[in-house]
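Please take a moment with the sequence and the coordinates before reading on. The paragraphs below are meant to be followed with the structure open beside them.

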Amino acid sequence: MKNINKFRKLAHSSLLLVFMFLSTLVFAQSKKISGVVNDSFGVSLPGVSVLEKGTVNGTATDINGKFSLRVKPNAELIISFIGFQTQIINCTNKININVILKEDTKQLDQVVVVGYGKKDIKDVTGSIVSVKADELAKAPVANFDQALSGRMAGVQVNFTDAQPGEGMNIVIRGGNSITGSNAPLYVVDGIPMESFDSGSINARDIESYNVLKDASATAIYGSRGANGVIIINTKGGVVGRTKVSLNSSVGIQWIPNRLDVMSPYEFVKLQQEIAIGKGGEEPQAFLDKWEDAELYRNDKGTNWQDEIFQSAIIQNHNVSISGGSEKTTHHMSLNYLDQEGTLINTGFKKYNGKIRLDHKLSDKIKTGININYSSMEQSGVKVASNNRVSVLMDALTTRPVEPINDDGLENGVDPDDPDNLRFNPVKTLNNTDKSKQWTIFRANAYAEFKLLKGLSFKATGGYVSDNRKISAFYNADTRQAYKEGGIQGSLTDGLYTTLSTSNTLTYDTKIDEIHKLGVLLGYEYSVKKDESFVAGSTNMPLDNLGVNSLQVGETPLIPISYKSQHNMQSYFSRLDYTFKEKYLFTASYRIDGSSRFLNDNKWGFFPSVSFGWRMIEEPFIQNLDVFSNLKLRAGWGTTGNNRVPNEAAFSIMTATIENGYSFNDIYGKGFSVSNLADENLKWETTYQYNLGLDMGLLNNKLTLTVDAYKKNTKDLLLDAAMAPSTSFSTIWTNVGEVENKGLEFSLSSRNIENDNFSWTTNFNISMNRNKVVSLTGGANELLTDPQWNSKITEKQFISKVGNSVGQFYGLKSDGLYQVEDFNYSNGTGYVLKDGIPNNGSSAVIPGSVKFVDLNNDGNIDHKDRTVIGSAQPKHFGGLGNDFTYKGFDLSIFFQWSYGNDILNVNKVRLENPDIKYNYNYLKSVEDRYMPTNPTNNINIVRGEKSITGAAPEGNQVSDRYVEDGSFLKLKTISLGYSFNKKLLDRTYFTQARVYLAAQNLYTWTNYSGYDPEVSVGKKGALTPGLDYSAYPASKTITLGVDLKF
Amino acid sequence: MLVILPIVFLSCEESLEYNPESFIVTENFYKTEADCQLALKSIYSDLGSNNTFGESMSICWATGLDEAVMSRDKNAPIWTIARNEHTPASTSIENTWRILYRGINNANIFIERAPGAVVEDESVKEGMMAQARFLRAFYYLELVRAWGDIPLRTESVKGVNDNEIAKSSTADVYQFIIDELEAIATELPVAGETEYGRATQTAAYGLLARTYLSRAGYPNRILSDESYQKVIDNCDAVINSGKHDLLDSYKEVFLNLIENLNDPTEVIFDVQFSSLLDQGLKEAGKLGQLNGIENKTKNSDAGPYSYGFIYAGLPLINAYDQANDARFDWNIADWKVTKDKPVKQKNKYQWFPGKYRRGDRVLNEDGSYSIITLESGNKNTTGINFPILRYSDILLMKAEALNELGSTPAAIALLDQVRNRAGLPAIDAANVADKDAFRSELMDERMREFCFEGQRKHDLIRWGVYKEKLEAAKQDLIDAGAGAKLSWMYIWANSIEEKHTVLPIPLKEIDENKLMTQNVLWR
């Protein structure tokens, strides 16, 4: 600890290191030229770079946009400024010039953010994809990541489910890790973060959003780059007049579809059928309660989905102020978002505030500070979190109608029945006060020193504090209060802090205009501390005080506290070399040390090399007169992954609330090993090849980027299953290998461009093939239980060597048993004919679920399970068209995924009728098997000898529940109108735009659930594409206004 | 030009050192007596897991027999054995297997590390070592009786390579248990001189008797005669110790367990439960809740709540001399509680086990009944202790061994001790004079004495009458009117095969342990 403190001091002081001054180099000049630079509105532009072409002689405009410079008599001046088109002006015979710079959003694309710096796009040798920040801002979504789906080739961005405030699942070029995290590394304003909350940034503060995909781009982030790197830089101030921009939008969201459940009449008929099936006193009980099914024939009843779904308001307001002088620039912003959930009493709210200041101490020293504060709150029941208790399932299965004679149940729910986990879903939603509050404070400061010509040093220090409070309170009218210990509540407080420093030395030079050389050396250190605390109590006498007074409870929960830490230390270097702007070479090397590993395994080494050939510079290409850009890129590199729990490599002992024993009736704690450690645990390493081609045609009106890659992840950090006789369930160890390979195409076309009308098209498509190469100790397969229902414990997913990770695994359905499958006699009833297998239960009847006996042993059991589908899409992508006509702008964006399956286990509960009373099903169950209706689809409820038709324990999941999850979504559409400048001249505004935007407007799919974009399996990459009780996706339409002055 | 170059490339190798802050690294444990006591307790703790005697083994696995049937048509994983519908994939089987082996692994770690601890009194250390070895032997006996051939792990699991281990033969496992218990018996504490709940010398002798008896019976039949003699020897060690005896009242034995009155006289070893949920601790079991007298009185959070998941079996009910046998009144309740009042159950096949009753009915002056609370833990869990070894078991084990070795008259005397305590006269010796007749009487006597104590299934298998007795029990239900509509009540007897006398090796064990093979009967 002492060392860490010592280091922390040092890290702090390194930011404040005082540096040198360099006397300005003075060049011999022959004539003085002066001028002024304005934008197209006539506003002077300060800070514009003015450079004499072919030299390093240059200056910048002052606060009034003026400059003066001594140049050679026939010099050409390059006038450039970020966000504007560069102009080259011949100064022959001129001593005074007026320059009007035209705004150019395209120019931003010419520079790409790479690790620890920026690069001219033409010098890039790796695979990097960017999204325009203003495109992200167009979508009416709560957090920016929800607008990323389909925007970038090779980047899969999907909902896990649509609960407001939930982050998206982002996977770059297929999942490497099986049980580890596949989330990319985020680098926000230079601070690397493994866990980043997309809500903690205001979408309108993002200046650039770049995704580094291949190893030559990510290897500079070494150990943490294996899943790809997302670099987000936020806006700073711009020298010039202070600009204020305002944005406000208000919209409405709703869940467009309902699952079709049985009507009251159909439901009551089913109750009758069950009563008759059960026999004894049951048929009379039915008559006492319901009287006659016919009475309900025209009853509309209650559609519980309508009761819990609502139309909800989303509003989003932003203000930002930015500007600055030559010495100091500033950017400040505030953002408020309030998203009501489309399930009652759920929602998401956030506040973001940001201040960034950049200051030039001198020509040589630049410093800055960037502070971001976010407060977010996600409220309401977490719909997909629990498996057996689900408010959505309750809504779908609660009886649609009350019986004629009161049976004492509340909406069909018996609060005292120990087996019945259901509860009135409206009450559950209204009386459960759950909230998760994050406050994230993120500050970073830098100082940049120009040491010598081309040589500079930059020190950055960052501090992130992420405070998470989770409160859960169950009022009197909840299932928990009725059945699980009365009115109860708990509070969780977690504090996660990261202190980090990053120091880089860069040197850039040109030799003879032929060789361009860049060198980067760097050092990083970070300390991440986790602390959490949980307290709670149950059996509270009243619910007025909520979680604010846990001491009123009569039964406490044992408090839980946890503290942990992860330290990392890294050295890195990069060399960029360009020969004649034609041949490009980049090599990087990074060494990372992590406290998660022991002894010699602490350090990981991650090299990369890449080459680029700008073929467009070759005469034979130029002579073709076809291409306006042509570049070939090739790279290889390694990256790592250390995302295991901080204690994974330690054999540790602890006491749980179950660990203890009483002697003489006096209780005492027991301590036992809680983690079996593999002391040789080490870095997971990904080896990636990338081959890319950038092509521009028709003066870059049409650009195409193609990338092919292959990456092999070895020494997988696997939470590997242990044999039960070891007593441990898993151990973190390095075993196995996964391969991902794929192709990505991005096409961008400026179809029409003239003064009044423009039309551009962006298209991307990605194909990734994922394959398990090897597994633990030569095992051939890894079976996984997605844990959506603790009573259905079949391993429904398989990761098999040679196949993709996490395929669906189960029995093959063979419809239902029919009368012909049996011999019948009065004494023995239905007996299966020879050669016809039972379904795992020895008792079957016509109408029972039937499976294919794959191994022909006459028995249906686990040996008959097989791969029944895969959640991996064959391809996915996006298509966007942007139009402008005079003041109007229109964007239409489609996203698709093709060839992926969904395991719709909702239907295991909703289309698998059982003999439980008061349980509603999907409408399709109306067409179930009955002796009078010998279908082959939905099983009989119960037949003679009280044999049930449903599948027995262990055999419940079959290919019946696998559905095609392909979809095409009209993801975002926005129509805006910008008022013309002449009109605005009479107002305070320099820009005004009103717009109407919609999200998820229409989905084309064959999927029968609420939405095909879903994956709620509890085991991540091992259990993809599972739909169970997911928060349904909503449609959103918003109306908004953008103002600038 | 002035240049000051920063030196930030400091080497801080040490800054990558981390010591877990919320856990104790295993190497730093087992240093003191306190450490060892904490570690020892966790070995005991696995006795009371839901997957062992908290719920699975004590209640669910002891159902679907002639002495107990389920009262619900409920196919939940934990009840799958009670329905004889289990398969190698059944999670309940895997969970129990894992927890039994957890006790073994914790004991192995203890046995490896505790000798290095600094303990002032060497005999205390020896006593702790002996308890760890006792518990390991105990867990192995549960495993071998249920599964047959099993992996014999005598060293702690160190890493992923320890997944692979082949099965040891049933004979070898029995021999290991016997060797261990014989080696440590005298090093254990003495009953009455140590805390109630700890393994004692007499518990080791009792367990040895049980081990030998089990080894002598079906399907093992290993060195039967020699084993029966050892049963007698070890029972004698308990009887002659002077530490144990029968209590005068059968009912009192269980009231002691229900009310946690720590009396070691009759109960030689038990699993301790404490109802501590109100302190946030999970140390309670489900005895008397799942297998109690049904009482679903609304919203009573504490008190004699019970789901009444179990009905007493008809063969059990019929085996009693209902008028004279004190055990009948205690073990069987022909009533349940509705709205705080006892209500008589209509059908005989719907009577409840009364052994672990959380509440009892008392006769009021006006002739009505009211309910009193004996155990008021939590609604869903109880602090009732589960008896593993009782003195009457010592007597009947010895009687059985004597009978098998031909000393039937001596056996009858022991049987009568148990009968007399239950308020019954000595048995008519003429009716049980020969070996087979005595054995048949003993079968019923053990059921009357030990019903709902998790012994029946082992006994039936040991005697080779599992299928026969279950099919008879099914016929009893059918004859009593539990006809086709209630056929789920005897679903466990529908298709009994030889394989049902042994559990399948969990599928997961076969998946992960390359040297493991499935039980022959389950292939």
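What follows is a walk through confidence, a helix, a loop residue and the aromatic rings.

The model is a predicted one, and its overall scores are an ipTM of 0.93 and a pTM of 0.85. For chain A the mean pLDDT is 87, with 95% of the residues at 70 or more; over residues 1–29 of chain A, however, the pLDDT is below 50, although this stretch has 57 contacts in the model beyond near neighbours in sequence. Chain B averages a pLDDT of 91, and 95% of its residues score at least 70, while residues 1–12 of chain B stay under 50 and have 31 contacts beyond four places in sequence.

In chain B, helix 3 covers residues 91–113, and its length can be checked against its geometry: at 1.5 Å a residue, the 23 residues should span 33 Å, and because the end C-alpha atoms are 32 Å apart, the two values agree. Helix 3 of chain B is also mostly covered, since 19 of its 23 residues are buried.

In chain A, Ser223(A) belongs to the loop between helix 4 (215–218) and strand 16 (229–234). Is Ser223(A) buried or exposed? With a relative accessible area of 0%, Ser223(A) falls under the 20% limit and is therefore buried. Leaving aside residues up to four places away in sequence, Ser223(A) touches Met568(A), Asp592(A), Phe606(A), Gly640(A), Asn641(A), Asn642(A) and Trp683(A).

Turning to the rings, a search of the whole structure finds 57 aromatic pairs over all chains. In one pair, the ring centres of Tyr824(A) and Tyr830(A) are 4.5 Å apart and the planes meet at 55 degrees, so the pair is tilted; an angle under 30 degrees would count as stacked and one over 60 as edge-to-face. Tyr824(A) is partly exposed, with a relative accessible area of 44%, and Tyr830(A) is likewise partly exposed, at 28%. In chain B, ring pairs link Phe53(B), Phe134(B), Phe138(B), Tyr139(B), Phe269(B) and Phe386(B) into a cluster.

Aromatic rings in chain A also lie under charged side chains. Arg151(A) is placed over the face of Phe893(A), at 3.8 Å from the ring centre, and the charged end of Lys714(A) sits over the ring of Tyr687(A), 5.1 Å from its centre.

Technical notes: Residues numbered from 1 in each chain as written. Chains lettered and ligands numbered in written order. Predicted model: local features only at pLDDT ≥ 70, side-chain atom pairs only at ≥ 80, totals over all residues. Heavy atoms only, no water. Phe/Tyr/Trp six-rings, centres within 6.5 Å; stacked < 30°, edge-to-face > 60°. Buried < 20%, exposed > 50% of the residue type's maximum accessible area, 1.4 Å probe, protein only. Lys NZ or Arg CZ within 6 Å of the ring centre and 35° of its normal. pLDDT = per-residue confidence, 0-100. Contact = heavy atoms within 4.5 Å. Helix = DSSP H or I, 4+ residues; strand = E, 2+ residues; numbered from the N terminus. Expected span 1.5 Å × (residues − 1).
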